[in-house]
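My notes follow in the order I made them.

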Amino acid sequence: MSGFGPTEVCHCRFLSFPNVTVKNIYFQPAGTVWGTMTEKGTPEATDAHEVYDRMAASYAETNPENPARAGYEWPGVREILPDVEGERVLDAGCGSGHYSAWLAERGASVVGVDASESMVTEARERHGDVAAFEVADLRDPLPFDDDAFDLVVSQLALEHVEDWDGAATEFARVLGEGGELVASMDHPFTTYFVIDHEPPEIGSATAQNADYYEVERYERDWGEVTMPTYRRPLREAVRPFFEAGFALTDLREPLPDTDVEHHDYFEENTPRFLAVRAGLR
Ligand SMILES: C[S@@+](CC[C@H](N)C(=O)[O-])C[C@H]1O[C@@H](n2cnc3c(N)ncnc32)[C@H](O)[C@@H]1O
């Protein structure tokens with residue numbers, strides 16, 4: 001899925017490896033997909049934040065108005081956000097800071113973190129007057145004290161992280177008692193169905209086969225860039241948070257508004273995004 005590509009949903013360039021799962025599919029910097037699952041001799045995989053580094057300026061310029069964000073993912077997230085007035089909010093995987101600024105403008109004290117230095121630079125330049133931004137990787141311990149925040153917001157960033165146990169544990173640590181999490185992600189059903197069953201024009205996955213129960217790395221073809229992403233079953237989208245002490249308090253599968261590309265498909269077949277709210281027990 002490409003809910004947040006620079007400008008548009010791109011058509012797939014499918015690989016022709018009929019019986020191969022997508023645990024590891026690698027690409028050359030030019031964006032030409034060339035590898036497949038390997039047990040040995042795995043080439044160095046590019047990290048998503050390195051790709052975001054290359055597209056930070058165009059992302060900052062176009063993403064907030066992208067219909068898949070403005071008319072689909074964001075309304076689903078906004079519906080389940082608590083009142084943030086006076087709250088200490090961590091925006092985890094903040095990108096160019098658009099949503100950090102929205103939260104800050106509603107009275108929150110916001111820190112945004114992102115592994116992409118270029119994204120953090122964009123965020124500081126655009127929204128540094130209302131929120132603080134730091135480079136931090138969600139695969140590592142977060143550079144904050146225990147109980148530093150009341151709310152963690154993370155929109156469409158976790159799908160670039162393979163292991164969610166560490167991130168969930170860190171979110172719980174930096175949140176105090178009663179802390180909450182609001183996160184959006186690619187819907188696990190959509191990433192599975194689009195890879196495994198659906199026509200190329202519906203998604204941008206460069207893979208053809210998926211094993212529903214596995215956490216699998218695959219690539220998305222966004223035209224100018226190819227983006228490393230992980231898909232996972234529904235259980236793996238919630239288990240790390242349950243084990244870190246969160247209880248689910250809301251879950252949304254938003255419907256697209258009429259401006260979204262492939263509107264009919266996402267209205268009739270499978271939801272593209274999942275938004276969850278959870279609180280520390
Ligand atoms: C689709 S963008 C979302 C940005 C922002 N949350 C928004 O909604 O506009 C995904 C972001 O995740 C960041 N990201 C990817 N891998 C990351 C990691 N391991 N740690 C922190 N951020 C990461 C990328 O750099 C990128 O800014």
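I call a residue buried if 20 or more other C-beta atoms lie within 10 Å of its own, exposed if 12 or fewer, and partly exposed in between, with C-beta atoms placed from the backbone. Helices (H or I, at least four residues) and strands (E, at least two) are DSSP runs numbered from the N terminus. The model is predicted, so local features need pLDDT of at least 70 and side-chain atom pairs count only at pLDDT 80 or more, while totals for chains, interfaces and linings use all residues. Residue numbers start from 1 along each chain as its sequence is written.

**Strand β5.** I looked up residues 175-186 and found nine of the 12 buried, so strand β5 is largely enclosed by the rest of the structure.

**Its partners.** Strands pair if DSSP finds at least two bridges between them. Strand β4 (residues 149-155) pairs with β5 in the parallel sense over six bridges, and Val-152 stands opposite Leu-181. Strand β9 (residues 273-280) pairs with β5 in the antiparallel sense over seven bridges; there Met-185 has Leu-274 as its bridge partner.

**Core.** I take a nonpolar core as a set of buried Ala, Val, Leu, Ile, Met, Phe, Trp, Tyr and Cys residues joined through C-beta atoms within 7 Å. The largest one has 70 residues, and Val-152 and Leu-181 are among those with the most contacts inside it. Helix α1 (residues 48-62) supplies the largest share of this core, seven residues. Another core, of eight residues, lies apart from it and includes Ile-195 and Tyr-218.
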